[in-house]
Amino acid sequence: MWPSWCGWPAAARRHDFPTSKIAYKPVGLALGAVTGMLAGALFKQAWKVLGHDEDAPDATDEERGRTEVLLPAILQGAIFAGVKAAVDRAGATATRRLTGTWPG
């Protein structure tokens, strides 16, 4: 047993700290990078389909109105959140299949 003064969480002192949480950390970081790239590509395609310029306007673009800047930002955020949720869920499901425990 670990002494109580060592600062380790109680679960680690009891030797029942779930290793799937530790193992999932690097997987989660890698999935985060993939999520960003995937969401960015998906937003660019959606923006093209909507018939706009190749890139969304910057928030500091003086010649664009507030709505012209805010609507693409809201769309981009919604796409990113949806892709992130889907990728995180797939990663957690794969981790459960591999380790037998849910990483969350």
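A salt bridge here is a side-chain nitrogen of Lys or Arg within 4 Å of a carboxyl oxygen of Asp or Glu. The legends below apply that cut-off to a predicted model.

Figure 1. Read from the N terminus, the elements run α-α-α. The protein has 104 residues, and 18% of them count as buried. Its accessible surface comes to about 7,700 Å². Carbon and sulfur atoms hold 62% of that surface. Among contacts with a separation of 6 or more, 50% join residues 24 or more positions apart. The structure also holds three salt bridges. The next views take these pairs in turn.

**Figure 2. D55 and K44 form a salt bridge.** Their closest N and O atoms are 3.5 Å apart. That distance falls within the 4 Å limit, so the pair counts as a salt bridge. K44 sits in helix 2 (19-49). D55 sits in the loop between helix 2 and helix 3 (66-99). The pair therefore ties together parts that are 11 residues apart in sequence. How accessible is D55? D55 is partly exposed, with a relative accessible area of 47%. K44 is partly exposed too, at 40%.

**Figure 3. D61 meets R64 through their side chains.** The contact is a salt bridge, with 3.6 Å from N to O. This distance also lies within 4 Å, so the pair qualifies. D61 has a relative accessible area of 29%, which makes D61 partly exposed. R64 is partly exposed as well, at 30% relative accessibility.

**Figure 4. K84 and D88 pair inside helix 3.** Which distance separates N and O in this salt bridge? The value is 2.6 Å. K84 and D88 are four residues apart, about one turn of the helix. K84 is partly exposed, with a relative accessible area of 37%. For D88 the relative accessible area is 26%. Buried means under 20%, so D88 does not count as buried. D88 is partly exposed instead.

**Figure 5. The three salt bridges of the structure, viewed as a set.** Why can such pairs form? Side chains of opposite charge can pair when their charged atoms come close. One of the pairs, D55 with K44, links a loop to helix 2. Another, K84 with D88, has both partners in helix 3. The remaining view shows D61 with R64, whose side chains meet in a salt bridge.

Key
Residues are numbered from 1 along each chain as its sequence is written. This is a predicted model: local features need pLDDT of at least 70, side-chain atom pairs count only at pLDDT 80 or more; totals for chains, interfaces and linings use all residues. Side-chain values use heavy atoms; hydrogens and water are left out. Helices (H or I, at least four residues) and strands (E, at least two) are DSSP runs, numbered from the N terminus. Buried means under 20% relative accessible area, exposed over 50%, partly exposed in between (1.4 Å probe, protein chains only). Contact means heavy atoms within 4.5 Å. Accessible areas come from the Shrake-Rupley method with a 1.4 Å probe; for residues, only the protein chains shown count as cover.
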